[in-house]
Amino acid sequence: MATIAPKTLLQPSDIPNRRPRFRSNRTLRFTESVIREMTRLAVQHKAVNLAQGFPDFPAPEVLKNAAREAITADINQYAITWGSKPFRDAIAAKYRRTYGLEFDPEREITVCCGSTEGMMASLMAVTNPGDELVIFEPYYENYNPDALLCGAERKFVKLHPPDWRFDPEELRRAFSPKTKAIILNSPNNPTGRVFDRADLEVIAALCQEFDCLAITDEIYEHILYDGTTHVPMMQIPGMRDRTILVNSMSKTYAVTGWRVGWVLASPDLSDSIRKVHDFLTVGAAAPLQQAGAVALALPEDYYVALARDYTARRDAMLGVLEGAGFRCFHPRGAYYIMTDISGFGYPDDMEFARHLIEDVGVAAVPGSSFFEDPREGAQMIRFCFCKKYETLEEAKVRLSKI
Ligand SMILES: Cc1ncc(COP(=O)(O)O)c(C=O)c1O
């Protein structure tokens, strides 16, 4: 039997490119997701996986029952391409209840296969090759290939540690007449920063001055700590019709594998987004949209308990990491902890990540995967803590031998 050579980190692909004629230019400017690569390596080395941000605890029973019932009731055929009516109605009702924002389910809501598709469909709908996109850095790694696949140019603006604030002057310098949109993720992955109203007002003023859009990834809207609140950009005066809001069920309801998300935007923007969405995927899984209608109707208590629960996990994980010698940037939202590894004396994050997986048995994400210039993340590692306490406890035992 052929033996499989152990993989090293960050190989973009194991398959040699013998036929370049069949590899499109648009796939050449980015590599495979480092985070998913870390997950594969974690499996290979039986490491505790604190790399990819998916919960290892069960999804709420009420949602699983709703999905089972939908399949039994034969909601098994294509839903309307932009989303089943009960789900769109539930989304509209949830935003009215939570934020006082009104959306027309017929013209302003598009249900997608996760916020991943929602972001890609939105960018494809509004950008032309050569347009510029402003992206805060460190960034959630998908925004980079998303922009490149659209032929858009990226303008990075730093979030500065330790509190991950941006410099308004630096932000202004990133805008130009070519800017089509700014991508904003708050609460932020990987830093845990939650943008406040004053931040949003600075960004909103630039969007209006340069006539561009804000595309907001609000997937961690309910995972907030220390009394922090989430402000959707759409609430900022002048931004309701200049914002494309992307969100999904993945994180809030612990169902990352369901692949159900949504995009909220004014009718003209939604019209283009729906066109792209229809031809990319037709639609998200119909029975899971039915369960989504149940999820979005959950009472306020659910979200209060979610934030409380994640606060306890965050505090436990901060204890584990600080106890093991990491310098932690304390997150105010989302479920990641960015750490400074300079105290460990490793030349870079890749070598440290390799050591963590192979010798310590814990997988995390090298900081360089969140930066355009890998040197900037070379002394950082990101851990996620959306895990059972047993998993966090096992990580603690292993990290004590670092
Ligand atoms: C900021 C951010 N956006 C989007 C996603 C992906 O979301 P979805 O599962 O809805 O495609 C993730 C997943 O980790 C994320 O961290």
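**Sheet, cores and cysteines in a predicted model**

Aspartate 340 has methionine 380, in β13, as its bridge partner. The structure is a predicted model, in which local features need pLDDT of at least 70 and side-chain atom pairs count only at pLDDT 80 or more, while totals for chains, interfaces and linings use all residues. Residues are numbered from 1 along each chain as its sequence is written, and side-chain values use heavy atoms, with hydrogens and water left out.

Strands β10 (residues 336–340) and β13 (residues 380–384) are antiparallel and share five bridges. Strands (E, at least two residues) and helices (H or I, at least four) are DSSP runs, numbered from the N terminus. Two strands count as paired if DSSP finds at least two bridges between them. An open sheet of four strands has the order β9-β10-β13-β12, and its pairing is antiparallel.

Helix α10 lies across β9, β10 and β13 and runs at about 20° to β10. Helix α11 (residues 349–360) packs on the sheet, where it touches β12 and β13. The direction of α11 makes about 40° with that of β13. Contact means heavy atoms within 4.5 Å. Axes are lines fitted to C-alpha atoms, for helices over the stretch in contact, and angles run from 0 to 180 degrees between N-to-C directions.

A parallel pair is formed by β3 (residues 132–137) and β4 (residues 153–158), joined by six bridges. Valine 134 has lysine 155, in β4, as its bridge partner. The chain passes from β3 through helix α5 (residues 143–149) to β4, in a right-handed β-α-β crossover. Right-handed here means that, with the strands pointing away from the viewer, the path from the first strand over the helix to the second runs clockwise.

The largest nonpolar core holds 68 residues. Met249, Tyr253, Phe383 and Leu399 have the most contacts inside this core. Helix α10 (residues 300–323) gives the most to it, with eight residues. Such a core is a set of buried Ala, Val, Leu, Ile, Met, Phe, Trp, Tyr and Cys residues joined through side-chain atoms within 4.5 Å. Buried means under 20% relative accessible area, exposed over 50%, and partly exposed in between (1.4 Å probe, protein chains only). Leucine 399 touches Val320, Leu321, Ala324, Phe326, Leu356, Val360 and Val362, residues up to four places away in sequence not being counted.

Cysteine 207 is in none, and the nearest cysteine sulfur, that of cysteine 212, is 4.5 Å away. Cysteine 207 is buried, at 0% relative accessible area. Cysteine 384 is likewise in no disulfide, its nearest cysteine sulfur being that of cysteine 386, 4.0 Å away. Cysteine 384 is also buried, with 0% relative accessibility.

Arginine 240 sits in the loop between β6 (213–217) and β7 (243–248). Its relative accessible area of 22% makes arginine 240 partly exposed. Arginine 240 touches Glu102, Phe103, Glu108, Met234 and Ser266, again leaving out residues up to four places away in sequence. Serine 24 belongs to the segment before α1 (34–44). Serine 24 is partly exposed, at 28% relative accessibility.

Terms used
Disulfide = S-S within 2.5 Å.
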